Structures are given as C-alpha cells and as structure tokens.
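Subject: Structure handover

Hello,

Please find the structure below. My notes on it follow, with the cut-offs given where a term comes up.

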Amino acid sequence: MACQRADPEEALRLGEQAVQIERMRRDPAGLANALDARAAARLCRGEFAGAVADLRECLEVVASFGRPQDTAWCSHHLAWALLQAGGELEADDLMSRCLPVLRQQAPWPRTAAALHTAGAIRLALGRLRSAETLFSEVLRIAPGASFHALYPVEGLALVAMESSDMQRALRLYEASAQARRRLGTEPEGPWRHRVEQAAERARTQLPAAAREAAVTGARGLRGERLVAYALGAGSADHRTRRDVRATDDRFLLTAREFMVAELVAEGLTNRQIADRLGLSIHTVATHLDKVRDKLGLRSRTQTALWAAARTEGEWTARR
C-alpha cells in the first residue's frame, strides 16, 4: 500500500520490519512473504540489485515447500526484478519455466501479470513478434475494463513504437493513460518511465496533425473497444486492422467471448466457466450464443473445435 501511495521510504521501513520479525519467528512462509514485500519496496525505490537478492532468497525458501504454483509465482517476481536490473536473459529463462505452470494452475490475474512480464522481457530482447503475442494473450483473459488490461495495452504501444508506428503507439498510450486516470491507478515506476519515454518519443517524431489525430482517436477507446483496437491492428508486422480481420476470425469476437470459447474447448461446463470468470451461468450462455451467431457455428462441439484450432495455432506461433 505504501508503494501504491508513492511512499517508498515507508514501504522499505515496513519491509525491513517484516523481514526482521519473520526471521525471529523462524516461519519460512512468513519470511517468504516478507522478502517478497521488501523486494517490492526496493523496486519502488529503484534498488534493483537489492530486490533481486531478496527474491533469490524468497525463491529458495518457497521452492522447499514443494508447491509448483507458489514457486512459479516467486520465479515470476524474480524475473521482473531481473529485467529491471538488466538481466533479461536469465529473466527470460525463468519465465520459460514458470509461465506454463501459471497458465495451467494460477487464477487469471496471476497469469495475466506473468504474461505481461514475459512480454516485457521479450520486448527488451528485441523479440517484437513474441512480445506482441504475449501482450495480446493478456488482453484475451483480462476484463477490458480492469487495470490488468492496461499493462498489455501499454506493452503493445511499446511494440508499435519499436516498429516505427508512432501514431498507433501514441493512441494506445493516450487511451491507457485516460483509463488509468479514471481508475485511479498507476503502473510500477520502471514500467511507467519506459512507457512515458516512448510516448514522448512518438510525440516528438509525429507531425502536429498526426499527434492530434492520435489523441482524439484515443478518447473513443474504452473497455472492450480499446481491447479490440489493440488486438485488431498489430504493428510488429505492419498489419492493418482490415487485413487482420480478413485473415483471422478471432477478431470477430470480444476478448471475453473468445475467453469463454477457449474454456469450452478445455471441456469446462457453463457452471465451471462461470465460476472461473466470476460470471453468472446466464451470462456465459449469452456469450456462447453470440460466439455461435458471429461465427456461424451450430453446436457446442463446433465451438470447442473452432477455439481449439485457434489456440493450437497460437502455441505453434509462440514456439
């Protein structure tokens, strides 16, 4: 909370206190939590080497519990700290091992956070196509109106900027910034700094008319409309929105509709999908009706086969 209130000194004081108390208590789980918290405080202060040291110790403690999801989650935190400290290659290796576990076992907010970290690492390594794929995956599992969707939108803005699509980069940035103001949330300092630098670079390179068009266009991008724009006009290979829609029928669906179709392909019932996504059974059924109508499908089996084919294609591209 102190980090969120932009009070890094208080955050570190509390983190230090927590670690000291847990070392005296000799409670491994408590110590792991305290080390994770102190690492977050150090990241807020730009003390990246200290954060990496805390998270290495945290990972060593957590690994002894024999709980794969907890180990994967701590590995993800270490990878994020390593990225800030300039250790992209080690961070990428960590994510390649922990991300499959989180995809399979973790609740969607944790999976979304890990996918964003993996995308940011690939971006730092110059692997733009892979970064775009990972950021896009976040948008397909995170509700469009939540702050979880803003990180991948900003990631796709960075991909657009690195691909010299400055107007798209600035439009995505402005739309995300407006959403963050409405939600009253800010990203972590290092990420915010990088995104703001990219936005300033785009403003500098764009003519005045193009800058104004990007800002004006961003005002109409909210929630699912922002998600659709971010997914529908990938810039890493200079596709246009019309080209993408012509070649990939996934973009006929909203992010939530595609998510429901994917869960059908995994064999989940409507009740299980509702529980997974925090929806009512009626809402899930409505989403499935819309999926069938938009795609011209007539049965649940056809929906499952359609979603499985698209998901398999994504995995092939990812490898």
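Of the 319 residues of the protein chain, 48% count as buried, where buried means under 20% relative accessible area, exposed over 50% and partly exposed in between, with a 1.4 Å probe and protein chains only. This is a predicted model, in which local features need pLDDT of at least 70 and side-chain atom pairs count only at pLDDT 80 or more, while totals for chains, interfaces and linings use all residues. Residues are numbered from 1 along each chain as its sequence is written, and side-chain values use heavy atoms, with hydrogens and water left out.

Overall

The protein chain has 17 helices and zero strands; these are DSSP runs numbered from the N terminus, with helices being H or I of at least four residues and strands E of at least two. The radius of gyration is 20 Å, close to the 20 Å of the globule rule for 319 residues, so the chain is as compact as a globular protein of that length. That radius is taken over C-alpha atoms, and the rule is 2.2 Å times the number of residues to the power 0.38. The C-alpha trace spans about 65 × 50 × 35 Å along its principal axes.

A contact here means heavy atoms within 4.5 Å. Among contacts between residues at least 6 apart in sequence, 63% join residues at least 24 apart. The accessible surface comes to about 15400 Å², and 51% of it belongs to carbon and sulfur atoms; areas come from the Shrake-Rupley method with a 1.4 Å probe, and for residues only the protein chains shown count as cover.

The chain carries 46 positive and 40 negative side chains, with the centres of the two sets 4 Å apart. Lys and Arg count as positive and Asp and Glu as negative, leaving out His and the chain ends; each charge is placed at NZ of Lys, CZ of Arg, CG of Asp or CD of Glu.

In helix α11 (residues 208-218), Ala210, Ala214 and Ala218 are buried. They cover an arc of only 70° around the axis, which puts them on the same side of α11; the arc is that of the directions from the helix axis to the C-beta atoms. The buried residues of α11 pack against α9 (166-183).

Helix α9 also holds arginine 180, which counts as buried at 6% relative accessibility. Leaving aside neighbours within four places in sequence, arginine 180 is in contact with Leu150, Tyr151, Glu154, Thr185, Glu186 and Pro187.

Positive phi

Most residues other than glycine have a negative phi. Arginine 26 has a phi near 60°; this residue sits in the loop between α1 (8-25) and α2 (28-44) and is exposed at 74% relative accessibility. Serine 164 has a positive phi of about 70°. Serine 164 is in the loop between α8 (150-162) and α9, exposed at 59%.

Two more residues

Leucine 82, in helix α4 (residues 68-84), is buried at 5% relative accessibility. Its contacts beyond four places in sequence include Val52, Arg56 and Leu94.

Alanine 265 belongs to helix α14 (residues 255-265) and is partly exposed, at 32% relative accessible area. Not counting residues up to four places away, alanine 265 touches Ala304, Ala307 and Ala308.

Regards
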